[in-house]
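Look at the structure below and follow one stretch of the chain at a time.

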Amino acid sequence: MSGLRARTVRRAAGTTGEGAAGLSTHAPHAPQAAQSTAQPVTPPVTPADRHPAAQPVTLPGTLDEAVAALAAMPAAVPVAGGTDLMASVNSGQLRPAALVGLGRIGEIRGWEYLDGHALLGAGLTLARMGRPDFAALIPALAASARAAGPAQIRNAGTLGGNIVSAAPTGDTLPVLAALEATLIIAGPGGARREVPASHLLAGMELLHAGEVVGYVRVPLLHAPQTFLKATGRTGPGRALASAAVVLDPARRNVRCAIGAVAPMPLRPLEAEQWVASLIDWDGQRGLAPEALAAFGDYVAMACIPDPPPAEEGGEQPPPLPPAALHLRRTVAALARRGLGRALA
Ligand SMILES: Cc1cc2nc3c(=O)[nH]c(=O)nc-3n(C[C@H](O)[C@H](O)[C@H](O)COP(=O)(O)OP(=O)(O)OC[C@H]3O[C@@H](n4cnc5c(N)ncnc54)[C@H](O)[C@@H]3O)c2cc1C
């Protein structure tokens, strides 16, 4: 599995195979039976075979207890809804020695208001974030949560898991990037550190072993914001591309982040500044269709640029393949529509 935590997990717990000493789920062969039949013997099926994920599970009731449990078992891995983690376990990519379940930590399953911000618990489920009261608070984040996978995934999957998995197709991630959200990370001894979500997603900062994402701090902008996702199919699916557009009238900013086209959400900063300068922030905020289309193209070219021209005398690079051109058009359409709806 990919993700911010995976780097820690691989170091701490090892993956499947020879390196995962002591974690074998296979019972030892029965030598006497093998001698009498001279045939390969199928080892008896044990509970561990039927449930390869059967590791010790600790269920702390507070964030600090979770951190303490991880400190006590350095090879343990935190698990929230398990939608990503258990998929990795079931596919044999990951075999954690122990699990620290975060599902009983009440303090991270809701949200509160703090100094013009919302403090969102990392244990908020995607389903909870999709409800109308949350949508009234942070509409783009609610829209991204509603777009993430089928209902059973949204019922179990959490905001914190979406962030730490850091899949390029993580739907909440471009919204958090556009909102310039920060993460509050709990560490040993009651320590808390605050890190911009985009720094963690870009790998500029990493989760250290034993740390847990506790909260996500999101500024409340009281202005329109949108999230749009293209999947290339009907019904729930992973994003081919997604776009979050956020208006920040107090700072006269437009912020846009594009998901799924790169390992982390991309912010086309020049396009943001250009379009913000066109908006009449004190009057009607609408933009002409041509300006919206130009914004879409600007964003798409920034996120999926042409190959750089060849040096003098050098061979011209090949043009972008059709799939990349199609993706660029998709990004342009998402950014154009996202901004158009935010300004409507
Ligand atoms: C069929 C299917 C479809 C999906 N479709 C989508 C989709 O359309 N869009 C989308 O965005 N996602 C999708 N997902 C991915 C998944 O549902 C989300 O990433 C989910 O939000 C993960 O949350 P979780 O609580 O289940 O995380 P878990 O699986 O419990 O954990 C994931 C990782 O995060 C770590 N972790 C979890 N919480 C914390 C924490 N608080 N602090 C530190 N580390 C933590 C775990 O150790 C693990 O490494 C899909 C998944 C499946 C299986």
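This is a predicted model: local features need pLDDT of at least 70, side-chain atom pairs count only at pLDDT 80 or more; totals for chains, interfaces and linings use all residues.

Residues are numbered from 1 along each chain as its sequence is written.

The protein chain has 15 helices and 11 strands. Helices (H or I, at least four residues) and strands (E, at least two) are DSSP runs, numbered from the N terminus. Of the 344 residues in the protein chain, 42% are buried. A residue counts as buried if 20 or more other C-beta atoms lie within 10 Å of its own, as exposed if 12 or fewer do, and as partly exposed in between, with C-beta atoms placed from the backbone.

Start with helix H13, residues 269–278, whose buried residues are Ala271, Glu272 and Val275. They lie on the same side of H13, because they cover an arc of only 100° around the axis; the arc is that of the directions from the helix axis to the C-beta atoms. An α-helix has 3.6 residues a turn, so residues three or four places apart point the same way. On the other side of H13, the exposed residues are Leu269, Glu270, Gln273 and Ser277.

What covers the buried residues of H13? The cover includes strand E11 (253–259), helix H14 (289–303) and helix H15 (322–343).

Two of these, H14 and H15, also pack against each other, at an angle of about 135° and with their axes 7 Å apart. Axes are lines fitted to C-alpha atoms, for helices over the stretch in contact, and angles run from 0 to 180 degrees between N-to-C directions. The angle makes H14 oblique to H15: under 35 degrees counts as roughly parallel, over 145 as roughly antiparallel, 65 to 115 as roughly perpendicular and the rest as oblique. Residues of H14 in the contact include Leu292, Phe295 and Val299, and those of H15 include Val331, Ala332 and Leu339. Two residues are in contact if their C-beta atoms, placed from the backbone, lie within 7 Å.

Now take alanine 332, found in helix H15. Alanine 332 is buried, because 23 other C-beta atoms lie within 10 Å. Leaving aside its neighbours within four places in sequence, alanine 332 is in contact with Gly296, Asp297, Val299 and Ala300. The C-alpha atoms of alanine 332 and phenylalanine 295 are separated by 7.8 Å, with the two residues 37 residues apart along the chain.
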